[in-house]
Amino acid sequence: MNTNSFNIPESLRHDCQEIFELTDSFCAEHLDLEYGQLCRKLIAKLARKRPSPLVRGDLGIWAATAIYTVGSINFLFDPSQDIFMTGEQISVLTGIPKSTLTNKAKQVRDSLKLYQFHPEFSRRRLLANSPVAWFVEFNGLIVDARTLPSDVHDPNSCYSLQNT
């Protein structure tokens, strides 16, 4: 996938492609391809943000920040996960100080309003195995969306989750 498929502004395509190469390489060697795709989605979202934070700073720091941020959303730092790595290991492997990674990742999470189990940036397996990811508010109650009748899932229904 190239930068065009992510609707990245023309002025940032070259930089994003370089960041993609760094994250793809890291994820292929140390994590998995799904982490690589999630990092690409995150970088693309940052590129489309106005003003984009990617116009300033070192591309290697942005790549490492994307890995760290996606990792934090997906509990990468939890040793009970099937793929595990510490923040310190990311720091050593990328050559970026851990303090820089944690600070930049917090800025990214805050600016994009990201959280753990964020559906856009979570691994499929994590979402499938977590009941928390399926909690929605419906008529003032927190319920598992998978237990609701199908007409509630229909966006054209008067009971739609989008109307709650």
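## Two helices side by side

Helices here are DSSP runs of H or I with at least four residues, numbered from the N terminus, and their axes are lines fitted to C-alpha atoms over the stretch in contact, with angles from 0 to 180 degrees between N-to-C directions. In this predicted model, local features need pLDDT of at least 70, side-chain atom pairs count only at pLDDT 80 or more, and totals for chains, interfaces and linings use all residues. Residues are numbered from 1 along each chain as its sequence is written, and side-chain values use heavy atoms, leaving out hydrogens and water.

Let's start with helix H1 (residues 13–30) and helix H2 (residues 33–48), whose axes come within 9 Å and cross at roughly 155°. H1 and H2 are therefore roughly antiparallel, a label for angles over 145 degrees. The contact (heavy atoms within 4.5 Å) includes Cys16, Phe20 and Cys27 of H1 and Cys39, Arg40 and Ile43 of H2.

## Cysteines without a bond

How many disulfides does the structure hold? There are zero, a disulfide being a pair of cysteine sulfur atoms within 2.5 Å. For Cys27, the closest cysteine sulfur is in Cys39, 4.1 Å away and too far for a bond.

Cys27 is also buried (under 20% relative accessible area), at 1%. Cys16 is buried with a relative accessible area of 1%.

## A histidine in a loop

Further along, His118 is in the loop between helix H5 (98–112) and helix H6 (124–128). His118 counts as buried at 11% relative accessibility. Apart from neighbours within four places in sequence, His118 is in contact with Ile73 and Lys113.

Methods:
Angles under 35 degrees count as roughly parallel, over 145 as roughly antiparallel, 65 to 115 as roughly perpendicular and the rest as oblique. Buried means under 20% relative accessible area, exposed over 50%, partly exposed in between (1.4 Å probe, protein chains only).
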